[in-house]
Amino acid sequence: MRRLMLLRHAKSDRSPGVRDIDRPLNPRGFKAAPQMGAYLAAQDLIPQKVVISPSLRTRQTWEGMSAALGNPETEIVDAIYEAPESALLKVIRSTPAEIRTLLMIGHNPGLQDLSLDLVGDGSREARARLSVEFPTAALAIIDIEGDAWTGFRPGAGRLERFVTPKGLDRDDAA
């Protein structure tokens, strides 16, 4: 089995005059990134490899998460920046066979489109939430049977879970 974890960057700032690629996280984003890292660690969802868009907001998201996850192999991949699902899938399919768990940190709408395309099974409720939105710092975990990343194709994946920082806040409050 292969596990793909797709994480949208945490909430970013939209200051006038700042190029899109240079947009930093805002205070909400700086809070959400370590929260998601702590969640992954607590759930023993540790990636073997992390691929990240070159944007400042994705790099800062990872910086906020990485310590909780033991600093796995990390690569900044230009092709992830604001990429459509086809480009994201190409990155996934190029993952070395020895990697069983991959975390990709990127952008919408590509991540949501890719998730919806890959998922053919899983919690009905989680799939319904995913189809409505993929908010900042949200995480989709997709499992697929097989020994190669090339097996990631439309409908072949199972949505293991879909988690948002707001959902974690609600769970903490319960």
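Strand β7 is mostly covered, with 5 of its 7 residues buried; buried here means under 20% relative accessible area, exposed over 50%, and partly exposed in between, for a 1.4 Å probe and protein chains only. The model is predicted, so that local features need pLDDT of at least 70 and side-chain atom pairs count only at pLDDT 80 or more, while totals for chains, interfaces and linings use all residues. Residues are numbered from 1 along each chain as its sequence is written, and side-chain values use heavy atoms, with hydrogens and water left out. Helices (H or I, at least four residues) and strands (E, at least two) are DSSP runs numbered from the N terminus.

Strand β7 belongs to an open sheet of 7 strands, arranged in the order β3-β2-β4-β1-β6-β7-β5 with mixed pairing. Two strands are taken to pair if DSSP finds at least two bridges between them. Strands β3 (73-76) and β5 (119-122) stand at the edges, each with a single partner strand, so one side of each is left without a neighbour in the sheet. From one strand to the next, the twist averages 25 degrees. Axes are lines fitted to C-alpha atoms, for helices over the stretch in contact, and angles run from 0 to 180 degrees between N-to-C directions.

Strands of a sheet pair through backbone hydrogen bonds, either parallel or antiparallel. Strands β6 (residues 139-144) and β7 (residues 157-163) run antiparallel and are joined by 5 bridges. Within β7, Leu-159 is the bridge partner of Ile-142, and Arg-161 is the bridge partner of Ile-141. Strand β5 runs parallel to β7, and 3 bridges join them. Leu-159 of β7 is also the bridge partner of Gly-122.

Ile-76 is partly exposed, its relative accessible area being 47%. Apart from neighbours within four places in sequence, Ile-76 is in contact (heavy atoms within 4.5 Å) with Ile-52, Ser-53, Pro-54 and Arg-59. Between Ile-76 and Val-50 the C-alpha to C-alpha distance is 8.4 Å, and the two are 26 residues apart in sequence.

The packing of the helices was examined next. Two packed helices are described by the angle between their axes and the distance between the axes. Helix α1 (residues 27-42) packs with helix α2 (residues 56-66) at an angle of about 45 degrees, the axes being 7 Å apart. This makes α1 oblique to α2; angles under 35 degrees count as roughly parallel, over 145 as roughly antiparallel, 65 to 115 as roughly perpendicular and the rest as oblique. The crossing of α1 past α2 is right-handed, a crossing being right-handed if the near helix is turned clockwise from the far one by less than a right angle, and left-handed if anticlockwise. From α1, Phe-30, Ala-33, Pro-34, Met-36, Gly-37 and Leu-40 meet Gln-60, Thr-61, Gly-64 and Met-65 of α2. The residues of this contact of α1 with α2 comprise 6 nonpolar, 4 polar and no charged. Ala, Val, Leu, Ile, Met, Phe, Trp, Tyr, Cys and Pro count as nonpolar, Asp, Glu, Lys and Arg as charged, and the others, Gly among them, as polar.

In α2, the buried residues are Arg-57, Thr-58, Gln-60, Thr-61, Trp-62, Met-65 and Ser-66. Their cover includes β1, α1, β2, β3 and β4.

The axes of α3 and helix α4 (residues 110-118) come within 8 Å and cross at roughly 70 degrees. Helix α3 is thus roughly perpendicular to α4. Glu-85, Leu-88, Leu-89 and Ile-92 of α3 make the contact with Gly-110, Leu-111, Asp-113, Leu-114, Asp-117 and Leu-118 of α4. By class, the contact of α3 with α4 holds 6 nonpolar, 1 polar and 3 charged residues.

Several loop residues have backbone features of note. Asn-108 and Pro-109 are joined by a cis peptide bond, with omega about 10 degrees, and Pro-109 lies in the loop between β4 and α4. Asp-44, in the loop between α1 and β2, has a positive phi near 55 degrees although the residue is not glycine. Asp-44 is exposed, with a relative accessible area of 62%. Glu-82, found in the loop between β3 and α3, likewise has a positive phi, near 50 degrees, in a residue other than glycine. Glu-82 counts as partly exposed, at 47% relative accessibility.
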